[in-house]
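Have the view open beside you and take the points in order.

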Amino acid sequence: EVRTMMVRAMACCVAMGAALLLTPLAQAHHSNSAFYVNKVITIKGVVKEFRWSNPHVWVILTVDDGKGNKVDWKAEGRPPGILARAGWTPKSLQPGETVTIDLSPAKDDTASGLIARVTKEDGTILANAPAPTE
């Protein structure tokens, strides 16, 4: 009986340990429910930071708010693997360059959104997904 209790206690500890290890993975990915995905707005500004990282690429863009103030917008991209297949690289955007971003704005009215596409000053378009194949 003592042995059975010890085996059960050990199994419970293993299960709890696995749950603790897997929780961050489950929380790391989220849906697009925080964004108005049926709405796209356009912002133009200067790249402050470009983060090529999992689970999502980020562009921090300093934008003139029209009132003489500068606002940093946080634009969330898709994962690096998907963007790489769409032609992006870790060097696609450089701090200091001016770009236009079409994005779905956040529902919480913060200066953030989900990237639909980025257009560079030379007209190069960085899409948020690879072109469909036939």
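Helices and strands here are DSSP runs, numbered from the N terminus; a helix needs at least four residues and a strand at least two. Please keep in mind throughout that this is a predicted model.

1. **Overall layout.** The protein has 2 helices and 6 strands. Read from the N terminus, these elements follow the order α-β-β-β-α-β-β-β. Of the contacts between residues at least 6 apart in sequence, 55% connect residues at least 24 apart.

2. **Confidence.** By element, the lowest mean belongs to H1, at 52, while the highest belongs to S1, at 98. Across residues 17–29 the pLDDT remains under 50, and the model gives this stretch 2 contacts beyond four places in sequence. Helix H1 covers residues 2–28, so please read that part with caution, given that pLDDT is the predictor's confidence in each residue.

3. **Surface and interior.** Buried residues account for 27% of the 134 residues.

4. In soluble globular proteins, nonpolar side chains tend to be buried together. Here the largest nonpolar core comprises 18 residues, and Leu93, Ile101 and Val118 have the most contacts inside it. At least two residues of this core come from each of S1, S2, strand S3 (70–76), S4 and S5.

5. Which residues does Ile101 touch, leaving aside its neighbours within four places in sequence? They are Ile41, Thr42, Ile43, Val59, Leu61, Ala75, Ile115, Arg117 and Val118. Ile41 itself is found in strand S1 and is partly exposed, at a relative accessible area of 23%. Beyond four places in sequence, the contacts of Ile41 are Trp73, Ile101, Asp102, Leu103 and Pro105. The C-alpha atoms of Ile41 and Pro105 are 6.9 Å apart, although 64 residues separate the two in sequence.

6. **Salt bridges.** The structure contains 4 salt bridges. One of them joins Asp72 to Lys48, with 2.6 Å between the closest N and O atoms. This pair connects distant parts of the chain, as Asp72 sits in strand S3 and Lys48 in strand S1, 24 residues apart. Asp72 is partly exposed, with 32% relative accessibility.

7. **Another pair, Arg51 and Glu49.** A salt bridge also forms between Arg51 and Glu49, whose closest N and O atoms are 2.7 Å apart. Arg51 is partly exposed at 34% relative accessibility, and Glu49 is partly exposed at 33%.

8. Is Glu97 buried or exposed? Its relative accessibility is 18%, so Glu97 counts as buried, the cut-off being under 20%. Glu97 forms a salt bridge with Lys120, the closest N and O atoms lying 3.5 Å apart. Because Glu97 is in the loop between helix H2 (80–85) and S4 while Lys120 is in strand S5, the pair ties together parts that are 23 residues apart in sequence.

9. **Aromatic rings.** There are 2 aromatic pairs in the structure. Ring pairs join Phe50, Trp52 and Trp88 into a cluster.

10. **Loops with details to check.** Pro55 lies in the loop between strand S1 (41–51) and strand S2 (58–64). The peptide bond leading from Asn54 to Pro55 is cis, its omega being near 5°. In the loop between strand S4 (98–105) and strand S5 (112–120) you will find Asp109. This residue is not a glycine, yet the phi of Asp109 is positive, near 65°. Asp109 is exposed, with a relative accessible area of 71%.

11. **One more loop.** Where is Ser33? Ser33 belongs to the loop between helix H1 and S1, and at 52% relative accessibility this residue counts as exposed.

Technical notes
Residues numbered from 1 in each chain as written. Predicted model: local features only at pLDDT ≥ 70, side-chain atom pairs only at ≥ 80, totals over all residues. Heavy atoms only, no water. Phe/Tyr/Trp six-rings, centres within 6.5 Å; stacked < 30°, edge-to-face > 60°. Buried < 20%, exposed > 50% of the residue type's maximum accessible area, 1.4 Å probe, protein only. Contact = heavy atoms within 4.5 Å. Core = buried A, V, L, I, M, F, W, Y, C linked by side-chain atoms within 4.5 Å. Salt bridge = Lys/Arg side-chain N within 4 Å of Asp/Glu carboxyl O. pLDDT = per-residue confidence, 0-100.
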